[in-house]
Amino acid sequence: MNAVPATRTAMVLERGGGALVARELPCPEPGPGEVLIEVAACGVCRTDLHLVDGELADIRYPVIPGHQIVGRVLARGDGVAEPAVGTRVGVAWLASTCGHCAYCRRGNENLCDEARFTGYHVDGGYATHCLARADFVYPLPEGYEDLSVAPLLCGGLIGYRALRACGDAYRLGLYGFGSAAHMIAQVAVRENRQVYAFTRPRDEHTQHFARSLGCTWAGAADELPPQPLDAAIIFAADGRLVPQALLAVAKGGVVVCAGIHMSEIPAFDYERLWGERAIRSIANLTRADGHEFLALAPKVPVRTHTRIYPLAAANEALADLRAGRLEGSAVLTMR
C-alpha cells in the first residue's frame with residue numbers, strides 16, 4: 001500500500017442549513033475492500049443542495065458532500081485486487097448495498113433498503129481524498145479530462161436511467177435544463193428523438209443553450225409545447241411541474257420524476273392523468289446503469305459544459321446552482 005498522507009482538506013457540512021466549512025482532517029486509511037482515492041475533481045449536484053438544506057432524511061453530521069468523484073487510486077485495503085494503484089476511477093451516488101436482499105438479487109440494487117450513498121451516508125468528494133468500496137468504483141472512458149468526466153457520474157447516470165424509463169418515446173420533454181438535462185438531451189438527439197426543453201420563465205439564455213444542443217424547441221416550464229409529448233422527464237425539484245407535465249403529454253405518455261427530492265405536488269384533476277398516462281419516479285442508480293452509460297457517452301459523444309471552481313469555493317458553486325446561474329454543470333477542482 002502506498003503511503004497515505006497524514007491529513008486531507010475537505011469542505012464539511014456541520015449542520016443542516018449551514019454553509020460548508022473548510023477543515024483539515026486526518027486522512028483515512030482504506031479498510032478491507034476499500035480504496036483510498038486522491039480526488040482530482042468532483043461535480044456539484046442539486047442533491048448536494050438538498051443535503052445542505054437538510055431536506056434529506058437521517059443526515060449524519062458532520063458530512064463531506066460530493067458524489068461525482070474523479071481521481072486516482074492511492075492505496076488499497078486488504079482483499080482488493082482491482083483497481084490497481086494509480087488507476088483513474090469514478091465514484092457515484094451508490095456507495096454500497098447489502099448484496100443479498102430481493103432487490104439486489106433481481107438487479108434492482110438501487111432499491112436496497114440497506115443501500116448507502118456517497119456524500120450522504122459516507123463522506124464524499126468535496127475533499128482532496130476519499131474512501132470508496134472497490135466494487136463500487138467505475139473505470140472511466142478515455143477522451144475525457146477529469147473535469148469534464150465528473151458530471152457524467154450523477155447527472156449523466158440518473159438522466160440515462162430516466163431516459164430508459166421513457167421507452168421509445170419520440171417527443172421527449174425535459175423540465176429543468178441543467179446538468180442532467182444538457183447531457184441526456186445529447187443522447188436523445190443521437191437516438192433521433194425530438195427533445196423539448198423547459199426552463200424557468202424568461203430564461204432565454206438557457207433556452208438558446210438547449211437549442212444549440214439540438215433541442216427541437218425550448219420554452220418556459222409553464223408553457224405547453226407545440227406538439228403533445230410522448231414522455232417527459234422532470235429534473236427540477238418543483239412539484240408543481242408534475243401536473244403541468246401531465247398536461248403536456250399525450251394519452252399513453254409517461255412523466256418521469258428523476259430527482260431524489262421534490263416539493264409538494266399540488267392536487268390536480270383526474271382528467272390530467274386519465275388516458276393511461278403514468279407518473280413514475282427514478283430512485284438512485286445501479287452499477288449496471290453506470291457501466292452502460294459510461295460506455296455509451298464517448299460514442300454519442302456526450303460533451304459536458306462545465307464551470308470550474310476551486311474546492312474552497314464550494315459554497316459559491318452551490319449558490320450559483322441554486323440561483324440558476326449555471327450553464328451545464330459545476331465542478332470542483334482540487335488543484
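Predicted model: local features only at pLDDT ≥ 70, side-chain atom pairs only at ≥ 80, totals over all residues.
Residues are numbered from 1 along each chain as its sequence is written, and side-chain values use heavy atoms, without hydrogens and water. Local features need pLDDT of at least 70 and side-chain atom pairs pLDDT 80 or more, whereas totals for chains, interfaces and linings use all residues.

A nonpolar core is a set of buried Ala, Val, Leu, Ile, Met, Phe, Trp, Tyr and Cys residues joined through side-chain atoms within 4.5 Å. Buried means under 20% relative accessible area, exposed over 50%, and partly exposed in between (1.4 Å probe, protein chains only). The largest nonpolar core has 100 residues, with the most contacts inside it made by Tyr126, Leu174 and Phe177. Helix H5 (residues 179-190) supplies the largest share of this core, seven residues; helices (H or I, at least four residues) and strands (E, at least two) are DSSP runs, numbered from the N terminus. Another core of 16 residues lies apart from it, and includes Tyr175 and Cys257.

Salt bridges, in which a side-chain nitrogen of Lys or Arg lies within 4 Å of a carboxyl oxygen of Asp or Glu, number 14. In one of them, between Arg287 and Glu109, the closest N and O atoms are 2.8 Å apart. This pair links distant parts of the chain, 178 residues apart, with Arg287 in helix H8 (residues 287-296) and Glu109 in the loop between helix H2 (102-105) and strand E7 (116-117). Arg287 counts as partly exposed because its relative accessibility is 22%, whereas Glu109, at 9%, counts as buried.
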